[in-house]
Amino acid sequence: MRSWKEIVARQVPTALTMLQRYCQQPSIAAQQVGIAETVRLVKEMAKQAGGEVSVFDDCGGNPVICAEFAAGPRGNRDKTLLFYNHYDVQPPEPLDEWTYPPFGAEIHDGKVFARGAADNKGDLTVRLQAIIALRENGGLPCNVKFLIEGEEEIGSPSLPAYLEKYADQFKADACIWEFGGKNMDGQPQMVAGIKGMCYLQLWCHGADVDLHSSNGAIVDNAAWRLVQALASMKSVDHRILVDGFYEDVASLTPELVQYAEEQPFHAERMKEHLGLRRPLISGDENPNLHLWYAPTMTICGIESGYTGDGSKTVLPRRAQAKLDCRLVPNQDPDDILEKVRRHLHRHGFTDVEVSQVNGERAYRSEMNHPFVRMVKETAREAYGVEAVMAPTSAGTGPMYPFGEYLGHSLPIVSTGCGWWNSRAHAPDESIRIEDFEQAMLHMVLLLNRFGETQG
């Protein structure tokens, strides 16, 4: 029998054809573009891989797809691995900043360029193709399930209801999360947890109409008012000033600190690549300590008055801002919302309205769990270099309800086929074909090893 590396290499052209077709189908949850068509396509892809497919659409929102694959005749029918993916993507705008069409899925210089190539269509394709390779070469070594949702890019508002109602359908012994990729050193970088989020919208109304700016001598300005409210919540040295914001943040264990200290972080390379104009706010501390373990408060956007070419002397009638707070374990987004409201009232900003757009809690797997070690070990075998495992991603996703409804001790690890410059959510999103192939091999090796485990 050929080696798994040879088997996967021969399958890459077919896998790329599947990926290109998938990426050419728009599926923008925020704009409700192409959702029904994408559900049909994903269902077809899963059936092509040999899965039994169900589509759930009775809990609101975009449909959730369940695909189930039984272990082969010699496989371990007592072990089940769950894959979590999403079929929705971010909007492609600004369109004029793309080098290639965002839904063209064109291949250039060994890369596939498309919105969703890295986040998250490449990873679903990798996993389905790994299953095809195993089924065609001895059979699946364990049971496999997929949960593929269509609202991850808008905060997964409907997913908890589906997980609660269909918990038995998605029960598993471990879970592989949606994303991952190589760092600047070429190492596969994986995470065993994720931050939560409290996403807020703030409004300030000062009048029924925009006024001539000469009235600034006597009329309060909604834009200044909102800016002052925002400034009251964070100090110039980046400390969040909302009373009680940090009270549920647990102290870091020596083990968590050690993980952060052991992981590389190339601050100068990051600053050069991104063109950063100011120093990192972590100062002299290891940036990983902040990225992984510190809650944040970020102004994502502010809008008010006139921002076009030239001048327009106007006193804006209203102002709005979007704010996201990345949360760590033990923090509750609903609690953070109430604390922000109390802060605004306590500081006299009773006229500033605040509402929560979406909220998710953080989740962190046990780093010493055998499955976490297994993912890292098989990655080293597939990629030929030492893999990097972080306790927490700096980003956010709906990991917490998986633990809530499928078991609080469920080990979850995120790994995928992206790379450090994949530009997910940005123009010219891409994956490299070399990484795509290695990620497929990793999934084949992981499933084989997982099927060998007992208990």
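Okay, Glu386: it's partly exposed at 39% relative accessible area, where partly exposed sits between buried, under 20%, and exposed, over 50% (1.4 Å probe, protein chains only). Glu386 makes a salt bridge with Arg380, closest N and O atoms 3.3 Å apart; a salt bridge here means a side-chain nitrogen of Lys or Arg within 4 Å of a carboxyl oxygen of Asp or Glu. Arg380 is partly exposed as well, at 35%.

Quick caveat: this is a predicted model, so local features need pLDDT of at least 70 and side-chain atom pairs pLDDT 80 or more, while totals for chains, interfaces and linings use all residues. Residues are numbered from 1 along each chain as its sequence is written, and side-chain values use heavy atoms, with hydrogens and water left out.

Helices (H or I, at least four residues) and strands (E, at least two) are DSSP runs, numbered from the N terminus.

Then there's Asp248 with Lys339, at 4.0 Å. Those two are 91 residues apart, with Lys339 in helix H10. Is Lys339 buried or exposed? Buried, at 3% relative accessibility, whereas Asp248 is partly exposed at 31%. Shared partners join Glu247, Asp248, Asp335 and Lys339 into one network.

Last stop, Ser414 in strand E19. Ser414 is buried at 1%, and its side chain reaches the backbone oxygen of Phe179 at 2.5 Å.

Note on methods. A polar contact is a pair of N or O atoms within 3.5 Å; within protein, one must be able to donate a hydrogen and the other to accept it, and residues adjacent in sequence count only if both atoms are side-chain atoms.
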